[in-house]
Amino acid sequence: MIFNDIPTINQHGDLWLYNIMLGKNGEIYFIDWEHSGCYFLFYDLFWWMQNEALYSDNFSYLEIYIMGKYDFHFKEIFGALSYNFNEKLRKDYVYIFILELLHKRILNNTEVIKNTANVLYSKLFLKIEQMKC
């Protein structure tokens, strides 16, 4: 099963532009850690991509990923933990991310949040299906 081939690691859990700050000293700071926890290896990367897609209508990060232009980086990340990134499973990795997000952040939420998530992630699934590998 594909889930057995993906390690989990501690991550921020809500990585996007407004949770990254540049200090006066040039240091980079990550803020807003309430969603931090153990997630599949690629969670924070896909969180960034889906956040841009759904809230800024910028699907370019996901499209570039699906086309394979980030493969080198994903191979490096997976390889650092002695795992293999399979290019044929690019879309599957995104779907796994979405399922993990829904399980950990949406299912125990209010009906309004669940309904909103249903609309947003249905749109995202359809958009990803239309993307060319």
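Select D71 to begin: with 10% relative accessibility, D71 is buried (buried means under 20% relative accessible area, exposed over 50%, partly exposed in between, using a 1.4 Å probe and protein chains only). You're looking at a predicted model, where local features need pLDDT of at least 70, side-chain atom pairs count only at pLDDT 80 or more, and totals for chains, interfaces and linings use all residues. Residues are numbered from 1 along each chain as its sequence is written, and side-chain values use heavy atoms, leaving out hydrogens and water.

What joins R90 to D71? A salt bridge, with the closest N and O atoms 2.6 Å apart (the rule: a side-chain nitrogen of Lys or Arg within 4 Å of a carboxyl oxygen of Asp or Glu). This pair ties together distant parts of the chain, since R90 is in helix α4 (residues 90-106) and D71 in helix α3 (residues 71-80), 19 residues apart. Helices here are DSSP runs (H or I, at least four residues; strands are E, at least two), numbered from the N terminus. R90 is buried too, also at 10%.

Next, pick E87 and K75, whose side chains form a salt bridge at 2.4 Å, N to O. Here E87 sits in the loop between α3 and α4 and K75 in helix α3, 12 residues apart. E87 is partly exposed at 30%, and K75 is partly exposed at 39%.

Last stop: K104 and E100, a salt bridge with its closest N and O atoms 3.3 Å apart. Both lie in helix α4, 4 residues apart, about one turn of the helix.
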